[in-house]
Amino acid sequence: MANLTSVLRDLAAESADLDRLVAELDASGWRTPTPAEDWTIAHQIAHLAWADDFAALSATDPDGFRAELSSVLAGATSVDDFVCAAAELGAEQAPAALLERWRAGREQLAAGLAEVAPETKLPWLGPSMSPASMATARLMETWAHGQDVADALGVVRTPTARLRHVAHIGVRARAFAYFANDKQPPQGDVRVELQGPDGDIWSWGEPEAADRVTGPALDFCLLATQRRHRHDLALVAEGPIADEWLDIAQAFAGPPGAGRAPGQFA
């Protein structure tokens, strides 16, 4: 959808916005619970720091990444357990050290990805990805976990055009969402038309498709990252395929999450 340079620029901006939310927090602020069960703000940043470090290893030393992944998974019951354990361990760091680790890691990731040939497929926890796809996935996660931090602090963030990256992953992951829920993707396309923060329309899918999803891009991103319940969003589904998809949509790898309860952020 976009070249690596522009995605890395947007990833840096998204990370900087989240950085500003946490940089001045005191120790008790870092222990603020977030909507993710049992995760504080420290857990959220620790998760991002770990993921950026791991992605940087994939970009700079793919064989080392594979060896490390094989080693850690040998002692974990699942990838999800491994990811949660990494967040738990990182959250025990002093806030200043954790923040510095995250800052250094995201710079190393950007530098590493910039050196990779565009057609290269980098190993990851799920399917391998191109450098641009890896950067887009990191942006999606940074935005989603940033939403958890913002919700914990009672901050309403101003949506930006960077949401297009998040929406793109949400649309592209439609088939995966079915597989993650032990379902077979139905035959047929879904036309997606979302209104971006600046009023322009972002679209995916065949224009003549009978099934359609329309609404604010922000709402679709909140749904696809499971940061809001569908009933609290202004998304419209036309057709049975579109309607079923919105009930299970997810932009992230791994099993479906618990999501958020309806009315939780009313």
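Helices (H or I, at least four residues) and strands (E, at least two) are DSSP runs, numbered from the N terminus. On this basis, Q226 is placed in the loop between α10 and β4 (236–238). The structure is a predicted model, in which local features need pLDDT of at least 70 and side-chain atom pairs count only at pLDDT 80 or more, while totals for chains, interfaces and linings use all residues. Residues are numbered from 1 along each chain as its sequence is written, and side-chain values use heavy atoms, with hydrogens and water left out.

Helix α10 (residues 217–224) is largely enclosed by the rest of the structure, because seven of its eight residues are buried; here buried denotes under 20% relative accessible area, exposed over 50%, and partly exposed the range in between (1.4 Å probe, protein chains only). The buried positions are A217, D219, F220, C221, L222, L223 and A224. Their cover includes the helices α7 (131–153), α8 (163–172) and α11 (240–248), together with the strands β1 (190–195), β2 (201–204) and β3 (211–216).

Q226 follows α10. Its phi is near 55 degrees, a positive value in a residue other than glycine. With a relative accessibility of 14%, Q226 counts as buried. Contact, defined as heavy atoms within 4.5 Å, links Q226 to P256; apart from neighbours within four places in sequence, P256 also touches A180, N181 and Q250. The C-alpha atoms of P256 and Q226 are separated by 9.0 Å, with the two residues 30 apart along the chain. P256 is located in the segment after α11 and is partly exposed, at a relative accessible area of 33%.

A positive phi also occurs at D38, which is not a glycine and has a value of about 70 degrees. D38 lies in the loop between α2 (27–30) and α3 (41–60). Its relative accessibility is 65%, and D38 therefore counts as exposed.

D38 forms a negative surface patch with E37, E88 and E92. Patches are made of residues with over 30% relative accessible area and no salt bridge, like charges being joined within 9 Å and nonpolar side chains (Val, Leu, Ile, Met, Phe, Trp, Tyr) within 5 Å. A salt bridge is a side-chain nitrogen of Lys or Arg within 4 Å of a carboxyl oxygen of Asp or Glu. Asp and Glu count as negative, and Lys and Arg as positive, with His and the chain ends not counted.

Definitions and conventions:
Accessible areas come from the Shrake-Rupley method with a 1.4 Å probe; for residues, only the protein chains shown count as cover. The place of a charge is taken as NZ of Lys, CZ of Arg, CG of Asp or CD of Glu.
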